[in-house]
Amino acid sequence: MILWLPLSQDDAVAVMAKRGVTALISPEHRGFVSSLLPSLVFPTHLDFGRDFAGINTQVDSTGGRIVVMMVGQRGRARALLRWNLPETPGAPARRVSSDEDVAKMADELTRMFGSSALKGGIGEGEEVGLAALRHAIGRPHRGQADIADALAEVLDLPELRERVDKRIVVGPVGPGIEYPARLCGPTELIAFTKFTQAARSLSPDSIDSVMLGPRWSDLVDPHYAVIEVIFSGTERCLKVYKRDAPSAAKVWNERWRLTPGPPDALDDILLEELDRVMPWQWNRKDMRELLRTAQHPDALGEFAKITGVPSLEPLADAPDWSAICPSARIIPRASGPSLFTWRTKAALGSRLRWGSWRPLPFPRGRPTPAAGLATPD
């Protein structure tokens, strides 16, 4: 989800931390910030002291995916728009809200951010800018990211979403990946180590890449976690997911800030999570120093040296994973009854055998890199 608050970055971090809301806060721009809230649909129970605007992709009561845009405070929406997302990837969403709702949303955004934010300017240009804003909101869109990009064309706003170039997710080998891979697919999959596999969504809709990690983590054995690495310019963000929610994270070379909690507390939590999901021998002191380093030229390479796992940089750089490993495969996207079947299989997992539940083996030894990948010297 994307949320706009008319607060400085420091003030937004303080507000989110005080209320215990996990959020990524963007760099400040004209006194406004943009924050990504993966754990909330809309923070309607929170009082930010002023209005907020947001866009979110969610599931409605019928099971369909929708995009909702809102301006208001604590659930009192003065402007609300809705689009129904199609099952066909890349197809335009269907706007449910009327043209009058679109005009009202444009007026509320102009009031909230100021007429000077309209790229048409003020005076006579204000009407031109307002008309362009109405057109940007009301024209056909393919999803949340497309709407955000349309707004960026006509409004001088902060970054409307976290700048992400690539996302790679690593999780345990097993059937848990089959359902999210088809839901967020097509998904490219490769063996990472003997016990883990790496995946990335190839869907044209960026929200599918965002949802792959949480969806996967919701279907894995509770002994395991799913780790997502986000590549954005020189930034490297590492997140640990448990049961579809981030439990710890670390960003190197960051421009955005993660809340709640001070960096040291977050690093301690991440170190505890790494101890749990990587139970072999590696240097905890060196890892703590790495986590407390804000800027690093090759954070993932150093992480790999400390832990003995392969670095994800080669996978991020490779446009086609089959060039690295011939066993790489692409899982196609599914929908309808077929998707329900895969959801059921993933929920049952491979542990239901001959009428008895059998826990998956939990690896204790140092990981063995898969073919085509190597650990740092």
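Predicted model: local features only at pLDDT ≥ 70, side-chain atom pairs only at ≥ 80, totals over all residues.

Let me start with Arg78, which counts as partly exposed at 30% relative accessibility. By that I mean between the two cut-offs: buried is under 20% relative accessible area and exposed is over 50%, with a 1.4 Å probe and protein chains only. Residues are numbered from 1 along each chain as its sequence is written, and side-chain values use heavy atoms, with hydrogens and water left out.

So who does Arg78 pair with? Asp51: the two form a salt bridge, with their closest N and O atoms 2.6 Å apart. For a salt bridge I want a side-chain nitrogen of Lys or Arg within 4 Å of a carboxyl oxygen of Asp or Glu. This one links distant parts of the chain, 27 residues apart, with Asp51 in the loop between β3 (33-36) and β4 (52-59) and Arg78 in strand β6 (residues 76-84). Helices and strands here are DSSP runs, H or I of at least four residues and E of at least two, numbered from the N terminus. Asp51 is buried, at 16% relative accessible area.

Over the whole structure the search finds 19 salt bridges. Another one is Arg182 with Glu178, closest N and O atoms 2.5 Å apart. These two sit four residues apart in helix α5 (residues 178-183), so about one helical turn separates them. Both Arg182 and Glu178 are buried. Then there's Arg284 with Asp275, at 2.6 Å between the closest N and O atoms. Arg284 is partly exposed at 26% relative accessibility, and Asp275 is too, at 29%.

Now, which charged residue is buried yet has no salt bridge? That's Glu235, and the nearest side chain of opposite charge, Arg255, is 4.9 Å away. On charges, Lys and Arg count as positive and Asp and Glu as negative; His and the chain ends are not counted. Glu235 is found in strand β12 (residues 235-242). What I like is that the backbone nitrogen of Arg255 lies 2.4 Å from a polar atom of the Glu235 side chain. Setting aside neighbours within four places in sequence, Glu235 is in contact (heavy atoms within 4.5 Å) with Ile230, Trp252, Asn253, Glu254, Arg255 and Trp256.

Keep Asn253 in mind, please. Its C-alpha is 8.3 Å from that of Pro297, 44 residues apart along the chain. Pro297 is in the loop between α8 (284-291) and α9, and counts as exposed at 84% relative accessibility.

On to α9 itself, which is mostly covered, with seven of its nine residues buried. Among them are Leu300, Phe303 and Ile306. Just after α9, Gly308 takes a positive phi of about 80°.

Last stop, the second largest pocket. It's lined by 31 residues, and Val170, Thr196, Ile227, Met278 and Val309 lie nearest its centre. Helix α9 (299-307) gives two or more residues to that lining, as do β8 (166-172) and β11 (226-232). For the record, a pocket is an open set of points on a 1 Å grid over the protein atoms alone, with protein on both sides within 12 Å along at least five of seven lines, and lining residues have an atom within 4 Å of a point.

How values were computed: Polar contact = N/O pair within 3.5 Å; in protein donor to acceptor, adjacent residues only side chain to side chain. 1 Å grid on protein atoms, 1.4 Å probe; cavity = no way out; pocket = protein on both sides within 12 Å on 5 of 7 lines; lining within 4 Å.
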